[in-house]
Amino acid sequence: MEDNRNILLEVKHLKTSFFTQAGEVKAVDDVSYYIKKGEIIAVVGESGCGKSVTQMSVMQLVQSPPGKIVGGEVIFEGQNLLEYDRNSPEMRAVRGAGIAMIFQEPMTSLNPVFKIGTQLSEVIMIHKKVDKKTAWEEGIKALEAVGIPDAKSRMENYPFQMSGGMRQRVLIAIAVACGSKLIIADEPTTALDVTTQAQVMELLQSLVKTYGTSILMVTHNLGLVTRYAERVYVMYAGKVIESGTTEDILMHPVHPYTKGLLNSVPKLDASDEERLVAIKGQPPRLSELPSYCAFYPRCPYACEECKQGYPILEEVGPNEHFCACWMKNKEVAHAE
Amino acid sequence: MTSYIIKRVLASIAVIFIVSIFVFSIIHLLPGDPVVMALGLETPMEDIERVREEHHLNDPLPQQYITWIVEMFHGDFGDSLIEFRPVADIIKERLPRTLAIGIPAFVLGILLGLLIGIVSAVRRGKAIDQTLTFFTTLSIGTPQFWIGMLLLYLFSIKLHWFPMRNLVMPGESILGYLRSATLPIICSCLQMMGSISRQTRSNMLEVISQDYIRTARANGISEKTIVYKHALKNALIPVVTVIGMNLRNIIAGAVLIENIFSIPGIGVTMTNAINNRDYWVLQGCVLIVSFIAVFGNLVVDILYGYIDPRIREARG
Ligand SMILES: Nc1ncnc2c1ncn2[C@@H]1O[C@H](COP(=O)(O)OP(=O)(O)OP(=O)(O)O)[C@@H](O)[C@H]1O
Ligand SMILES: [Mg+2]
């Protein structure tokens with residue numbers, strides 16, 4: 001974090017829990033990360049480890065009840081967003097304009113009964129405070145900017161008249177039109193075929209170059225991580241357990257879980273179908289976490305020392321390579 | 001949208017044609033000679049023959065049907081066998097009374113139903129939701145005649161707030177209309193209100209958890225706009241179907257309501273026509289009521305297409 005002025009979003013010690021009948025589910029437990037302007041970072045981890053809830057917490061969109069942000073800070077452009085009430089005009093002004101979010105399911109992410117143009121211009125009107133006509137025209141420009149041919153007539157279309165890739169572009173167009181500085185893309189390409197996937201990713205990357213947008217992508221696809229992300233955060237059971245540059249994480253992983261993730265994918269350019277599932281055992285239940293390392297029951301290197309408490313993130317190499325593991329310094333023991 | 005509407009209108013015309021054949025058949029499907037049944041067995045032969053001739057009953061069936069249609073286009077529905085005057089006059093006199101109850105009940109049922117449904121959904125699980133749910137469940141589960149009797153007993157007989165009979169038309173006196181129409185309108189709309197509010201509530205709850213609502217929130221759209229624009233329009237799609245169904249219920253309910261509250265409308269006229277075997281009156285009333293039902297469904301269909309573009313595409 002050499003250059004503080006360059007940091008767009010910094011999440012510090014974020015904690016989000018769901019209060020259910022089964023008890024407190026610590027979906028996000030002391031998560032910290034940052035993203036610089038014009039940077040692409042990735043968050044990876046098994047299903048249910050809290051990737052989406054982390055991002056929804058940043059937007060203050062976690063369903064409440066049962067969800068509640070119980071601690072931490074979300075500093076966006078120098079302002080702690082958690083100081084805003086979740087329904088406040090300030091928070092709404094951030095959503096869509098400051099930080100935009102794109103979700104996994106393009107087929108269901110747009111309202112089926114309104115025209116594309118109506119949905120697009122509505123958001124533009126809210127954030128840019130322009131009249132309907134101007135908003136409509138800016139909508140056309142935004143559709144053109146994300147590479148939708150025949151943008152003018154596309155505005156008149158309903159979502160069901162468009163393909164999945166097209167709809168994902170429409171969602172990106174909303175972000176472009178409102179000048180979003182950060183796009184959080186939660187598995188943006190999982191539901192798309194391989195060619196469309198590549199097109200959408202190229203589009204996102206081009207936004208970084210054209211507008212200096214930052215992109216945080218949540219993904220299961222290590223191929224995408226390799227190709228697009230500069231840095232990676234690996235999450236396990238609601239915590240970040242390793243973080244660093246893409247090269248460090250993929251070529252020199254330290255945490256046994258990260259190693260397991262990498263092993264579970266035969267090729268780095270594997271397709272989306274080959275999800276990160278092949279680590280032995282089940283992810284722990286977030287309502288019954290032990291008081292020590294949550295990966296302990298599945299860890300091939302587990303030993304008595306591991307039970308002394310939660311391991312904290314500590315620097316394990318240059319370029320901000322961090323890892324939370326009691327055994328991280330015993331590299332020898334890890335060597336296969 | 002235009003081609004969708006044209007198709008719906010054509011379909012309705014086809015339905016009306018089929019309905020007219022059914023209604024025409026009433027007379028011919030009934031056992032025995034309708035004229036003998038109507039005038040009684042003691043009537044002299046020549047009188048019966050004269051009436052048969054007057055009503056073209058001796059012509060071949062297709063010709064009878066055409067004569068009937070042509071006469072109807074000229075506003076001639078035949079004459080009542082009991083009241084000795086044109087059926088058209090009877091309908092003109094009675095239909096407004098039925099509509100004076102039915103239309104407000106229909107509109108009120110929709111509006112109150114939507115309102116209650118939305119409030120319940122937005123305040124899900126809260127005291128107001130539970131209270132409203134209790135009353136809507138009650139209003140759906142209680143038979144209409146029982147509600148009608150209860151209303152009459154409480155508010156007319158005991159409290160004297162509303163008259164028991166004698167519907168005053170709004171043209172005569174607005175105040176008199178409000179006093180005399182309130183109870184029958186309430187009685188007529190309660191069930192519809194209940195079923196629409198339940199449908200609205202459950203649809204709203206389902207819609208609010210959809211991905212596109214999450215998108216709307218993530219785009220900074222206010223919660224109010226999300227509920228009343230984004231969610232409501234989607235939630236209304238199944239409600240429109242329920243409204244269509246309830247239109248039929250209101251029409252059917254008119255017979256009951258008019259008998260309970262002694263309103264001389266189409267419902268009572270039909271009941272009397274059946275009892276007196278006044279076939280031409282019955283035929284005319286059934287036809288008019290069917291027209292209203294078909295027309296109502298046409299409106300509902302068009303509304304449906306207006307709300308849901310996918311329907312328009314699929315059926316247009
Ligand atoms: N509404 C909720 N009520 C209770 N628990 C919830 C709720 N939403 C999420 N959780 C819990 O939060 C945990 C994290 O969920 P999250 O959606 O963030 O996982 P994820 O890492 O995004 O997984 P995936 O890769 O499948 O999208 C889940 O294990 C789940 O138990
Ligand atoms: Mg997720």
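In chain A, residues 24 or more positions apart account for 64% of the contacts with a separation of 6 or more, a contact being heavy atoms within 4.5 Å. This is a predicted model, in which local features need pLDDT of at least 70 and side-chain atom pairs count only at pLDDT 80 or more, while totals for chains, interfaces and linings use all residues. Residues are numbered from 1 along each chain as its sequence is written, chains are lettered from A and ligands numbered from 1 in the order in which they are written, and side-chain values use heavy atoms, with hydrogens and water left out.

**Chain A overall**

- Chain A has 11 helices and 12 strands; helices (H or I, at least four residues) and strands (E, at least two) are DSSP runs, numbered from the N terminus.
- The radius of gyration of chain A is 20 Å, which agrees with the value near 20 Å for a compact globule of 336 residues; the radius is taken over C-alpha atoms, and the globule rule is 2.2 Å times the number of residues to the power 0.38.
- Along the principal axes, the C-alpha atoms of chain A fill a box of roughly 65 × 40 × 40 Å.
- Of the 336 residues in chain A, 56% are buried (under 20% relative accessible area; exposed is over 50% and partly exposed is in between, with a 1.4 Å probe and protein chains only).

**Interface of chain A and chain B**

- Chain A brings 26 residues to the contact and chain B brings 22 residues.
- About 2,200 Å² is buried between the two chains, and carbon and sulfur atoms give 61% of this area; buried area is the accessible area (1.4 Å probe) that two parts lose on being put together, summed over both.
- Val113(A), Glu122(A) and Phe160(A) supply 24% of the area that chain A buries against chain B, more than any other three residues.
- The interface has 1 salt bridge (a side-chain nitrogen of Lys or Arg within 4 Å of a carboxyl oxygen of Asp or Glu).
- Glu122(A) pairs with Lys229(B) in a salt bridge, with the closest N and O atoms 3.3 Å apart.
- Strand E6 (99-102), helix H3 (116-128) and helix H6 (164-177) of chain A each give two or more residues to the side that touches chain B, and H3(A) gives the most, with 4 residues.

**Ser109(A)**

- Ser109(A) sits in the loop between E6 and H3 of chain A and is buried, at 1% relative accessible area.
- The side chain of Ser109(A) reaches the backbone oxygen of Glu105(A) at 2.7 Å.
- Not counting residues up to four places away in sequence, Ser109(A) touches Phe103(A) and Leu171(A) as well as Asp211(B), Tyr212(B), Arg214(B) and Thr215(B).

**Salt bridges within the chains**

- Over all chains the count is 18 salt bridges.
- Glu156(A) and Lys115(A) form a salt bridge, the closest N and O atoms being 3.1 Å apart.
- Glu156(A) lies in the loop between helix H5 (151-154) and H6, and Lys115(A) in the loop between E6 and H3, so the pair ties together parts of chain A that are 41 residues apart in sequence.
- Glu156(A) is partly exposed at 41% relative accessible area, and Lys115(A) is partly exposed at 26%.
- In chain B, Arg85(B) forms salt bridges with Glu83(B) at 3.3 Å, N to O, and with Glu93(B) at 3.1 Å between the closest N and O atoms.
- Salt bridges that share partners join Glu83(B), Arg85(B), Glu93(B) and Arg94(B) into one network.

Key. A polar contact is a pair of N or O atoms within 3.5 Å; within protein, one must be able to donate a hydrogen and the other to accept it, and residues adjacent in sequence count only if both atoms are side-chain atoms.
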